[in-house]
Amino acid sequence: AGRLKRVLLNLLSNGIKFTHEGRVCISCAVAEHDPGVLTIEVDDTGIGLSDSAQARLFQPFHQADSSITRRYGGTGLGLVISQRLVRRMHGSLSVCSHG
């Protein structure tokens, strides 16, 4: 439960940090085919990510671009750590952005 909590807090804090107006929502669903599979989605109306930024998102010390670091701070490790924690729980973490 501690790992999942840490991942959720990171995903939600990122959603809040990068959403100036609009919403940040979280939803959970148990897979119909396997009750041991949980799908969690964080959906926000934040600044969005380009395709190239999405490709770098799970690399250590990388953020969408250098202006993100200057404007919002952070180390670029939160999603890397979250992805590793999810993998240790035999899951996956991905991103989909329309930015």
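Me: Is T19 buried or exposed in this predicted model?
Reply: The relative accessibility of T19 is 13%. Buried means under 20%. T19 therefore counts as buried.

Me: Which backbone oxygen does the side chain of T19 reach?
Reply: The distance between the two partners is 2.6 Å. A polar contact needs N or O atoms within 3.5 Å. The oxygen that the T19 side chain reaches belongs to G15.

Me: Which residues does T19 touch, not counting residues up to four places away in sequence?
Reply: Neighbours up to four places away in sequence are set aside here. What remains for T19 is V24, D44, T45 and G46.

Me: Is V30 buried or exposed?
Reply: V30 sits in strand β1. Its relative accessibility is 52%, and the exposed class begins over 50%. V30 therefore counts as exposed.

Me: What is the area of the nonpolar surface patch made by L4, V30, L38 and M89?
Reply: V30 contributes to this patch together with L4, L38 and M89. The patch has an area of about 320 Å².

Me: Is V86 buried or exposed?
Reply: V86 lies in helix α4, residues 78-88. Because its relative accessible area is 9%, V86 is buried.

Me: What distance separates the C-alpha atoms of V86 and R3?
Reply: Along the chain, V86 and R3 are 83 residues apart. V86 also touches V7, among other residues. The C-alpha atoms of V86 and R3 are separated by 7.8 Å.

Technical notes. Residues numbered from 1 in each chain as written. Predicted model: local features only at pLDDT ≥ 70, side-chain atom pairs only at ≥ 80, totals over all residues. Heavy atoms only, no water. Buried < 20%, exposed > 50% of the residue type's maximum accessible area, 1.4 Å probe, protein only. Polar contact = N/O pair within 3.5 Å; in protein donor to acceptor, adjacent residues only side chain to side chain. Contact = heavy atoms within 4.5 Å. Patch = residues over 30% accessible without salt bridge, like charges linked within 9 Å, V, L, I, M, F, W, Y side chains within 5 Å. Areas by Shrake-Rupley, 256 points an atom, 1.4 Å probe, with all protein chains shown as cover. Salt bridge = Lys/Arg side-chain N within 4 Å of Asp/Glu carboxyl O. Helix = DSSP H or I, 4+ residues; strand = E, 2+ residues; numbered from the N terminus.
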